[in-house]
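Reader: I would like to go through the ligand site and a few backbone features. Please give the general idea each time, then the case here.

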Amino acid sequence: MIGKTVVITGATSGIGLEVAEDLARQGAALVLVGRDRQRGEAALARLRAAAPHASVDIRYADLSEMAEVRRLAADLLATVGRIDVLINNAGAIFDRHALTSDGLERTFALNHMAYFLLTELLLERLKQAPAARIVNVASEAHRGATLDFSDLTGRNGAKGRLAYSRSKLANILFTSELAQRLAGTSVTANCLHPGFVASRFGEPGNGWAMRLGIGLLKRLIAITPEEGAKTIVFLAASPEVGATTGGSEVAAVSGRYYAKCRAIEPSAAARDAATARRLWDESARIAGLTTDGGDRGMAAPAAAG
Ligand code: NAD
C-alpha cells in the first residue's frame, strides 16, 4: 500500500479504525472521515503512534446529510490529489424512526445514500488512479430483505432491523450496478460482510432494549473489530482482487460480495439486476444527480416531499 491514498468513512471507531490502522501499517496514506472531533483526535493519535511514518489526516462530516457529503467530497477533491481506495464503512442501526433534513429516513440516508453520493462525487478522481478500488461495507443482515420502492427512502415508517436490512441490501445492489458501470475502467467495486463484530454498533442513539439485545449478542458470539477488519483490508489491499499490477492486467474482481475474505453469493434479491438499476436511478434522482453522472448540486424535490 506504499504510495496509495485511502479514504475511509466511519474510521474513528470499531471496524473502520482497525482497518485504518492495518492499512497505515502497510504504508498507505490515510484520510479518515469521522463525525466526532474527540474520537477523531483519539483515532489520529492512535494511528500516528502505531504507524509513525504513515501520513494520516482526518475530515469531519455528518454523512446522513447530503449537503455534508457534498461538502466533504468538495474538500477531498480540493485537497487530496489522488484517491486509490475509497472505503464506505460508516453505518448504523436506529431503533427510532427519524428523518434527516433531506426528508430521508436516517438509516437509508447514512447507510445507502452516503455510500452512493460520496462514491459518485469522487468517481472521476478514482478513475485517474492507475488501479482504484471501492469497498462497500454491507452485511449478512441483507438476507430476507427486499426493497420497497413505494417508500424507498423510509419516510413513512421503516426503522430498526427492517430499515437496516434494506440499507445493507442496497449496499450490495449498489455495488453490483456500480461494478457494471465501471467495467472497462481501472476501478473495481466490491462489498462484504465483516462478521458480527463487538464494536459500538447498535449503541449510539438507541434505547435500552436494542442496546441490551445487541450487547448480549456481542458478548456471546461477536468477533473482535480486528477480526472484522480483515475482509475490508483484503478487498482494499490484496493483489488477488486488484485491477492492475506493475502496469499489467491481472484478474480484476469486481461486483462481488465477500465474507471471510472469500467471494460468496448474496441473497437472490441482492442479485436482481433490474432492482439494482432501479435503485441506482432512484438514488441519483434523490441526490439530484443527472443520469449521465452530472451533478445538479441539489436534492431532488421528491426527497424532501
Ligand atoms: P461502529 O458504530 O463502531 O462504527 C460506525 C462508524 O460510523 C463510527 O466511526 C461512526 O462515527 C460512524 N458514523 C455513524 N454515524 C455517522 C454519521 N451520521 N456521519 C458520519 N459517520 C457516522 O460500528 P461498526 O460495527 O464499526 O460498523 C461499521 C460498518 O460495519 C457499518 O456499515 C455496519 O453496518 C457494518 N457492519 C457491522 C457489523 C457488526 O456486527 N458490527 C456487522 C455487519 C456489518
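Reader: How far is an oxygen atom of the ligand from an N or O atom in the side chain of Y164?

Author: A polar contact is a pair of N or O atoms within 3.5 Å; within protein, one must be able to donate a hydrogen and the other to accept it, and residues adjacent in sequence count only if both atoms are side-chain atoms. For Y164 the distance to the ligand oxygen is 2.6 Å. A polar side-chain atom of S199 is 2.5 Å from a ligand oxygen, and one of S13 is 3.3 Å from a ligand oxygen. This is a predicted model, in which local features need pLDDT of at least 70 and side-chain atom pairs count only at pLDDT 80 or more, while totals for chains, interfaces and linings use all residues. Residues are numbered from 1 along each chain as its sequence is written, and side-chain values use heavy atoms, with hydrogens and water left out.

Reader: How many residues surround the ligand, and which are the closest?

Author: A residue is near a molecule if one of its heavy atoms lies within 4 Å of it. Here 29 residues surround the ligand, and D62, N89, Y164, V197 and S199 are the closest.

Reader: How do the shell residues divide into nonpolar, polar and charged?

Author: Ala, Val, Leu, Ile, Met, Phe, Trp, Tyr, Cys and Pro count as nonpolar, Asp, Glu, Lys and Arg as charged, and the others, Gly among them, as polar. The shell holds 13 nonpolar, 11 polar and 5 charged residues.

Reader: Is L162 buried or exposed, or in between?

Author: Buried means under 20% relative accessible area, exposed over 50%, and partly exposed in between (1.4 Å probe, protein chains only). L162 counts as partly exposed because its relative accessibility is 45%. L162 lies in helix α5; helices (H or I, at least four residues) and strands (E, at least two) are DSSP runs, numbered from the N terminus.

Reader: Where is K260 found, and what is its phi?

Author: K260 is in the loop between β9 (257-259) and β10 (262-264). Its phi is near 50°, a positive value in a residue other than glycine. K260 is exposed, since its relative accessible area is 76%.

Reader: What is the phi of C261?

Author: C261, also not a glycine, has a positive phi of about 65°. C261 is in the loop between β9 and β10 and is partly exposed, at 28% relative accessible area.
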